[in-house]
There are 4 protein chains.
Amino acid sequence: MAGSGFGTLIRLSTFGESHGKAIGGILEGIPAGFTLDFDELQKDLDRRRPGQSAIVTQRKESDKVQFLSGIFDGKTLGTPIGFLVENEDQRSADYSELEKAFRPSHADFTYHQKYGARDHRGGGRSSARETVSRVVAGAIAKQILAQKGIRIDAFVDQIGSLQWTGEWNSGLKELSESTVVRVPSLELAGKMEELIREVRKEGDTIGGRIRCVIEGVPAGLGEPVFDKLHAELGKAMLSINAVKGFEIGSGFDSITMKGSEHNDLFTSDGKTKTNYSGGIQGGISNGMPIDFRVAFKPVATIMQSQETINESFEPVSLSGKGRHDPCVVPRAVPIVEAMAALVILDYYLIQNSYRQ
Amino acid sequence: MAGSGFGTLIRLSTFGESHGKAIGGILEGIPAGFTLDFDELQKDLDRRRPGQSAIVTQRKESDKVQFLSGIFDGKTLGTPIGFLVENEDQRSADYSELEKAFRPSHADFTYHQKYGARDHRGGGRSSARETVSRVVAGAIAKQILAQKGIRIDAFVDQIGSLQWTGEWNSGLKELSESTVVRVPSLELAGKMEELIREVRKEGDTIGGRIRCVIEGVPAGLGEPVFDKLHAELGKAMLSINAVKGFEIGSGFDSITMKGSEHNDLFTSDGKTKTNYSGGIQGGISNGMPIDFRVAFKPVATIMQSQETINESFEPVSLSGKGRHDPCVVPRAVPIVEAMAALVILDYYLIQNSYRQ
Amino acid sequence: MAGSGFGTLIRLSTFGESHGKAIGGILEGIPAGFTLDFDELQKDLDRRRPGQSAIVTQRKESDKVQFLSGIFDGKTLGTPIGFLVENEDQRSADYSELEKAFRPSHADFTYHQKYGARDHRGGGRSSARETVSRVVAGAIAKQILAQKGIRIDAFVDQIGSLQWTGEWNSGLKELSESTVVRVPSLELAGKMEELIREVRKEGDTIGGRIRCVIEGVPAGLGEPVFDKLHAELGKAMLSINAVKGFEIGSGFDSITMKGSEHNDLFTSDGKTKTNYSGGIQGGISNGMPIDFRVAFKPVATIMQSQETINESFEPVSLSGKGRHDPCVVPRAVPIVEAMAALVILDYYLIQNSYRQ
Amino acid sequence: MAGSGFGTLIRLSTFGESHGKAIGGILEGIPAGFTLDFDELQKDLDRRRPGQSAIVTQRKESDKVQFLSGIFDGKTLGTPIGFLVENEDQRSADYSELEKAFRPSHADFTYHQKYGARDHRGGGRSSARETVSRVVAGAIAKQILAQKGIRIDAFVDQIGSLQWTGEWNSGLKELSESTVVRVPSLELAGKMEELIREVRKEGDTIGGRIRCVIEGVPAGLGEPVFDKLHAELGKAMLSINAVKGFEIGSGFDSITMKGSEHNDLFTSDGKTKTNYSGGIQGGISNGMPIDFRVAFKPVATIMQSQETINESFEPVSLSGKGRHDPCVVPRAVPIVEAMAALVILDYYLIQNSYRQ
């Protein structure tokens with residue numbers, strides 16, 4: 001375990017620092033013979049891309065992915081898919097004052113403690129730019145799952161204290177994607193956008209929440225005990241930059257509930273009347289939609305002046321520079337979908353292996 | 001990946017059904033030469049044991065662990081530690097009506113869907129009885145960590161809507177352990193115990209929350225990207241029966257915070273003034289206490305009559321029988337500590353490997 | 001990686017020292033619903049058991065396996081199969097003089113260097129007694145493979161310089177098993193037995209070779225690059241005590257061959273006229289019998305006096321005591337089959353996972 | 001497990017087909033702060049490179065590696081090292097007739113059986129071109145090991161029936177590298193070169209053997225039972241294209257030896273008088289040189305006409321085209337060193353993790 005690999009039969013390894021030549025990855029275990037839709041794939045990258053709207057960082061990256069292997073005549077070969085995305089807009093000069101200073105609540109200090117060395121430019125390896133590779137891999141997994149009738153929809157359901165409280169159905173996906181915030185309500189989208197603009201004006205940032213609903217997962221996916229399906233989903237989500245919490249189904253609300261209200265009673269077709277379980281019981285899918293939420297903290301980079309320390313533990317003052325996100329949550333939607341897709345496809349194949 | 005193993009250098013594999021002959025496990029990778037305190041270890045088992053107080057299940061299990069290998073003259077050998085705990089009080093008859101019925105919000109239905117076959121008695125493999133093995137392994141890991149100055153304290157900080165809002169310090173551990181609920185307040189302990197008794201009287205169950213604080217972890221533990229320290233802690237916690245959510249530091253509260261309030265500013269000794277990060281930044285420990293919370297749903301087994309279905313999807317009625325927990329949270333405290341200890345020791349050794 | 005686990009979807013973890021209370025293991029990933037033949041399984045253990053004939057060690061062990069989990073009503077549950085075998089005949093006194101001395105070409109010295117501590121009795125963890133657990137697990141795998149038409153036959157084809165040069169077919173299995181040496185020739189069996197008796201009379205030991213032929217493996221099993229099927233088989237065989245070499249198909253003889261003689265030309269049914277490839281090409285099975293050979297060194301424990309050193313590097317003299325094998329190869333036949341079965345079943349399931 | 005990854009703490013994943021845009025890999029777990037010698041690294045690539053001498057394939061590849069991450073200011077960052085090597089000389093037209101035909105003793109048939117699809121050009125993923133990535137990664141590992149006093153020397157000790165029977169010492173390395181065959185004898189080098197030229201003239205190929213000696217490995221490296229050091233080395237070697245056998249120390253010769261001759265008696269400094277063990281006992285290094293041999297079959301591509309079948313199992317005739325190696329063994333020397341380096345560094349770090 002060296003940290004940059006994920007999965008068992010489907011395995012993604014990624015590489016790349018924020019301001020190096022390129023980032024990329026290797027995706028192993030994708031079955032052979034699948035036709036990939038590269039336009040669709042690029043769309044997922046565009047959903048994550050900086051500069052896509054007025055409320056995200058204006059760093060300019062075209063984020064065009066190059067595939068180097070594993071695909072032949074447009075179809076997967078079954079062999080590892082190697083890919084890379086070049087880093088184009090590397091204003092490293094913006095980061096020169098960071099060479100010695102530790103930005104508060106970033107990974108500068110911890111990487112320095114762990115490795116002794118670090119690429120200070122834009123966070124280096126700890127930058128969320130790494131998630132480009134996850135989106136590439138996840139988009140491939142999503143396309144394969146779609147052919148098996150499994151659909152993964154993530155959307156923003158909270159920014160600051162503005163919370164969407166509607167009832168989700170997959171028909172809302174188009175609506176949520178039509179807004180720059182990626183929330184399934186035009187009215188709320190407007191308010192959230194306004195909130196993010198205000199926060200940016202203050203040179204500040206704000207947190208948010210993403211909900212993910214996965215439909216079409218057959219019952220029986222998951223492994224007992226340590227590799228429970230929601231445990232692996234939780235790990236996948238908690239591995240995304242800025243994530244501070246994960247809950248499935250009733251989540252933290254279950255604390256105040258009684259068993260008699262919380263139990264999901266069966267209907268005569270093996271489904272359940274309620275879905276407090278969030279589609280998983282005992283770590284294994286039960287055929288209901290898998291439904292979880294992910295908490296994102298406010299981005300640590302703010303455009304306000306902050307006191308901090310440098311590598312000699314001397315006090316230094318930092319003033320925000322560069323181009324950053326006042327709220328990272330809208331751009332994180334395809335990342336949540338990507339990680340969910342990788343987990344579900346991995347468990348799908350594992351379960352498939354036991355078929356007689 | 002077959003589900004019942006956990007960890008990289010420290011690896012725990014467990015086996016056992018709730019009503020089989022025995023449960024147990026193999027703990028690999030424990031360094032050689034450590035003297036184990038078996039009384040201390042048994043104390044951890046006793047903290048998890050049924051029948052320990054009036055508010056938990058009255059199933060009678062002495063839960064005495066037998067070590068079969070890996071220990072010689074009281075010291076670890078470096079080789080795998082094999083151990084087992086016999087299942088003594090197996091009133092399988094209590095479960096005869098469950099042979100065909102799926103208990104709501106249990107894993108009966110999903111195990112049936114996954115495997116086609118199952119040991120229906122007491123949940124079989126999906127029973128929380130499996131966690132005995134985790135406590136054995138975790139107790140060993142905890143003892144080794146203690147010798148390295150790392151201390152793991154879990155305690156209950158919420159039952160239903162009763163929440164402890166005090167400020168934790170390790171001096172409170174003795175107090176929390178002196179109460180049957182394992183909360184660090186005598187007054188609140190009384191109220192919580194009363195609530196649990198009431199819920200039991202109704203034949204119902206209630207959820208709760210456990211907080212875990214780990215002190216003494218040096219900065220630098222953790223791996224970048226996918227194997228972030230809190231991601232692995234999250235997976236470990238979400239793998240515990242009845243857990244529906246995990247959050248670290250500010251957790252879900254971070255959603256409504258601004259970056260300017262949330263950022264943990266450094267002090268001149270490399271510590272931080274606040275700890276919204278929960279001791280981990282960029283997936284790597286920063287030397288502050290690691291601080292997370294785990295949400296437990298109300299136990300699914302209730303003593304009320306419930307409508308459900310059987311293997312032929314026909315409606316059947318279930319009336320609660322057997323001996324069950326109205327609230328599993330107090331007994332889960334040593335399980336949370338055990339899983340945390342296994343994760344921390346694993347990452348400690350991984351980090352150690354890079355020392356020059 | 002802590003050394004005592006093996007496999008990906010099928011995963012075996014073992015524990016136990018030679019003279020501890022018991023040895024055993026956990027076998028994960030065995031599909032649910034298989035009926036096991038416990039008599040057949042015990043037969044495999046008996047083939048490995050000490051005391052089975054006059055030419056093996058006379059240590060008395062009944063080697064009766066106890067299953068603790070994963071089997072219900074005689075069928076596999078899909079959950080981990082926990083099992084143990086008690087160590088009955090532990091004449092630890094035989095080993096008292098070994099407490100400080102390092103036996104030549106044993107693992108005493110290396111375990112001491114690695115761990116600082118060791119259970120010196122009978123080699124502790126390094127003893128071949130550990131292979132009992134492999135035979136238990138492998139026998140289960142073999143039974144499942146048999147139901148899929150895959151048959152694993154190992155036999156002795158060399159002891160010292162006595163070599164069997166016949167042509168193998170599975171009809172010879174009964175013959176080879178009818179001899180105490182497990183060679184498919186009565187005449188050679190007599191000579192080999194005589195050789196072993198002579199060697200024993202001298203207080204010495206002798207090496208040998210086992211050949212393993214696996215029939216019925218469908219084409220397509222194996223993974224490219226690092227996890228080639230024969231690479232994993234090789235690792236599995238080299239992990240068996242006393243093994244010094246592994247070769248597949250033409251093996252070391254291929255060194256002196258030309259491509260024009262070595263190439264296996266196809267027949268019109270997709271089979272090949274020759275099988276120098278040993279059933280595997282590019283790391284993937286081609287549908288021909290998988291065919292490999294394993295070299296075993298002479299057992300290090302001899303009944304002659306040897307000069308050695310103790311933990312203080314002082315010279316000491318060792319005279320052979322205890323009950324040991326003059327030639328371990330006949331007893332290793334079921335171990336080779338067991339490890340082969342675990343590898344093949346693991347790869348079978350992995351390949352199965354990609355089935356549409 | 002998807003086949004293209006190797007190692008535990010040090011982990012290499014590779015990608016790339018022979019005639020795709022590029023091949024490359026990700027090397028994880030390399031400790032931070034090491035200065036790399038890129039000229040030295042390129043030298044290892046040049047030792048593997050086609051066209052380096054008259055007796056190897058004349059495919060033109062400059063094999064210049066581009067590093068994309070994990071290195072900053074010439075030093076390792078501790079983060080994944082992403083790298084790629086472009087495929088320059090892709091005469092795919094040479095392979096057009098192979099689109100449907102299965103070349104004998106190549107992986108065409110087995111990849112087709114496994115994946116249904118394949119990139120037929122030059123063997124695609126099964127091509128030995130993939131080993132470029134191994135050499136890049138192994139060269140890095142070798143440089144780090146060198147700084148720890150560990151030296152890895154591989155050399156050719158047999159081509160066809162011409163065998164080197166001298167006694168190895170590291171002083172011979174320069175000599176062996178000065179010959180195009182990489183054998184430590186000028187006289188034998190001449191004969192071997194002549195043999196290879198003759199074989200090429202016939203349009204044929206010939207096998208050979210590589211010996212690898214690793215000096216400076218401290219005692220104590222390796223893991224018990226399944227992950228024995230020589231078992232992992234064996235797997236690493238058997239994963240190299242065209243390898244049919246692996247033996248350590250006495251290897252297959254041990255079969256005819258007696259224990260009294262084979263046992264390595266200790267000297268007063270904890271070394272041994274002989275080294276039949278090949279530097280490893282019980283799977284753990286004993287401080288003596290690690291010494292193993294690897295058998296390579298004759299390359300399957302010959303310049304003679306061969307009868308074979310196509311995807312419809314119809315007979316077709318193949319005449320050798322393209323540029324190929326009459327003997328692959330000289331070019332495989334740096335590959336053997338690379339794989340050995342990756343294994344040793346991985347186990348070195350694992351053992352390091354247990355240091356107090």
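Okay, let's start with one pair: Lys258(B) makes a salt bridge with Glu202(A), and their closest N and O atoms are 3.0 Å apart. By salt bridge I mean a side-chain nitrogen of Lys or Arg within 4 Å of a carboxyl oxygen of Asp or Glu. This one crosses between chains: Lys258(B) is in the loop between β12 and α7 (259-262) of chain B, and Glu202(A) is in the loop between α5 (186-201) and β11 (208-215) of chain A. Helices (H or I, at least four residues) and strands (E, at least two) are DSSP runs, numbered from the N terminus.

Quick housekeeping. This is a predicted model, with pLDDT of at least 70 needed for local features and 80 or more for side-chain atom pairs, while totals for chains, interfaces and linings use all residues. Residues count from 1 along each chain as its sequence is written, chains are lettered from A and ligands numbered from 1 in the order in which they are written, and side-chain values use heavy atoms, leaving out hydrogens and water.

Back to A and B. There's also a salt bridge between Lys258(A) and Glu202(B), again at 3.0 Å, N to O.

How many residues of chain A are in contact with chain B? It's 103, in contact with 103 of chain B, where contact means heavy atoms within 4.5 Å. The two chains bury about 8100 Å² between them, 61% of it on carbon and sulfur atoms. That's accessible area (1.4 Å probe) lost when the two parts are put together, summed over both.

Now the strands. Strand β12 (residues 243-248) of chain A runs antiparallel to β12 (residues 243-248) of chain B, joined by 3 bridges; for strands to pair, DSSP must find at least two bridges between them. Gly245(A), for instance, stands opposite Glu247(B).

On to C and D. Here too, 103 residues of chain C are in contact with 103 of chain D, and the buried area is about 8100 Å². The rule finds 8 salt bridges across this interface, one of them from Glu223(D) to Lys114(C) at 3.1 Å between the closest N and O atoms. Their β12 strands pair antiparallel over 3 bridges, with Glu247(C) opposite Gly245(D).

And the symmetry? Chain C superposes on chain D by a rotation of 180 degrees with 0.0 Å of shift along its axis, RMSD 0.0 Å, fitted by least squares on C-alpha atoms of residues with pLDDT of at least 70 in both. That's the relation of a two-fold axis. The same surface serves both copies, as 100% of chain C's contact residues recur in chain D.
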